[in-house]
Amino acid sequence: MLWSFVGAFVGISMLAFLNCNTPGIEDTDLMMMIGSFGATAVLAYAEPASPLSQPRNIVGGHMISAAVGVSVRLLWEATLTENEKWLACGFSVALAINAMQI
């Protein structure tokens with residue numbers, strides 16, 4: 001679980017940092033962060049028989065991830081500046097992955 005947390009935190013933080021600091025796309029509300037829907041589509045449509053593709057896992061995973069993301073946003077809203085919101089993105093995804101692994 002530690003390596004999935006570290007990998008997700010570093011990967012998503014880098015992507016969010018680039019999205020927040022690249023001229024021309026910094027005002028797009030994290031448009032690069034739509035990857036989870038792509039991953040869900042691959043699981044649901046390319047491997048429908050996989051245990052990870054079952055509706056319970058897909059809906060449950062999105063519910064857990066949404067709860068974690070909103071919680072991190074609410075907890076860190078007062079402490080992070082606008083230039084640091086990419087850090088909350090990485091932490092939210094890493095924490096959501098660990099929550100789904102439990």
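Biologist: How many helices and strands are in the protein chain?
Modeller: Helices (H or I, at least four residues) and strands (E, at least two) are DSSP runs, numbered from the N terminus. From that end the elements run α-α-α-α. The count is four helices and zero strands.

Biologist: What kind of model is this, and what limits apply?
Modeller: Residues are numbered from 1 along each chain as its sequence is written, and side-chain values use heavy atoms, with hydrogens and water left out. Local features need pLDDT of at least 70, side-chain atom pairs count only at pLDDT 80 or more, totals for chains, interfaces and linings use all residues, and the model is predicted.

Biologist: What share of the protein chain counts as buried?
Modeller: Buried means under 20% relative accessible area, exposed over 50%, partly exposed in between, with a 1.4 Å probe and protein chains only. The chain has 102 residues, and the buried share is 21%.

Biologist: At what angle do the axes of α3 and α4 cross?
Modeller: Axes are lines fitted to C-alpha atoms, for helices over the stretch in contact, and angles run from 0 to 180 degrees between N-to-C directions. Helix α3 covers residues 55-76 and helix α4 residues 85-101. Their axes come within 9 Å and cross at roughly 140°.

Biologist: Which word describes how α3 and α4 lie to each other?
Modeller: Under 35 degrees is roughly parallel, over 145 roughly antiparallel, 65 to 115 roughly perpendicular, and the rest oblique. The crossing angle is roughly 140°. Therefore α3 and α4 are oblique.

Biologist: Which residue classes make the contact of α3 with α4?
Modeller: Contact means heavy atoms within 4.5 Å. The residues include Gly 61, Ile 64 and Trp 76 of α3, and Leu 87, Phe 91 and Met 100 of α4. Ala, Val, Leu, Ile, Met, Phe, Trp, Tyr, Cys and Pro count as nonpolar, Asp, Glu, Lys and Arg as charged, and the others, Gly among them, as polar. The tally is eleven nonpolar, four polar and no charged residues.

Biologist: Is Ser 92 buried or exposed?
Modeller: Ser 92 is found in helix α4. Residues up to four places away in sequence aside, Ser 92 touches Val 68, Gly 69 and Val 72. Its relative accessibility is 14%, so Ser 92 counts as buried.

Biologist: Which residues does Ser 13 contact, leaving aside neighbours within four places in sequence?
Modeller: Ser 13 is found in helix α1, residues 2-21. Ser 13 counts as buried because its relative accessibility is 5%. Its contacts are Ala 8, Trp 86, Leu 87 and Gly 90.
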